[in-house]
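Have a look at the model first.

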Amino acid sequence: MQDKHLYEYAVIRVVPRVEREEFMNVGIVVFCKRAKFIKVLYTLNEEKLHMLHPELNIAQISLNLISFERIARGAKDGGPIAQLETSERFRWLTAMRSSVIQTSRPHPGLCEDLEYNATKLFKDLVL
């Protein structure tokens, strides 16, 4: 059990019309405190998103998801949130919000390879 990582993950969702509560999974955030690991993976299927809301501003959503990714990796151009500790960045990314981009509640897991597991979660829950 020593070689396994306890991690948390949340699904990133686009909610085109918040009042309707319809959403599409577009990405994941994976976090492991002990390994100081945090990763955001996402993709946008414009055709499907436009089925939920034809006037959806995909370019703005893309910019917001780029910001999510920059914050996760602690990029210098990611703003003040990106300069926080790994666990604080994860908590900020997964905080409850009423906006077009939301995340699920964090879920726990146990794995040996965080990179592999992040990719597997992304394939299973988003693609």
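This is a predicted model: local features need pLDDT of at least 70, side-chain atom pairs count only at pLDDT 80 or more; totals for chains, interfaces and linings use all residues.

Modeller: Residues are numbered from 1 along each chain as its sequence is written, and side-chain values use heavy atoms, with hydrogens and water left out.

Biologist: How many aromatic pairs does the structure hold?

Modeller: Rings of Phe, Tyr and Trp (its six-membered ring) pair if their centres lie within 6.5 Å; planes under 30 degrees apart count as stacked, over 60 as edge-to-face and the rest as tilted. By that rule, the number of aromatic pairs here is 2.

Biologist: How are the planes of tyrosine 7 and tyrosine 9 arranged?

Modeller: Their centres are 6.3 Å apart, and the planes make an angle of 35 degrees. That makes the pair tilted.

Biologist: Why does the pair of phenylalanine 31 and phenylalanine 90 count as stacked?

Modeller: The ring centres sit 4.8 Å apart. The pair is stacked because the planes are at 15 degrees.

Biologist: Are phenylalanine 31 and phenylalanine 90 buried or exposed?

Modeller: Buried means under 20% relative accessible area, exposed over 50%, and partly exposed in between (1.4 Å probe, protein chains only). Both phenylalanine 31 and phenylalanine 90 are buried.

Biologist: Which ring does arginine 97 lie over?

Modeller: A charge sits over a ring if NZ of Lys or CZ of Arg is within 6 Å of the ring centre and within 35 degrees of the ring normal. Arginine 97 is 5.0 Å from the ring centre, over the face of tryptophan 92.
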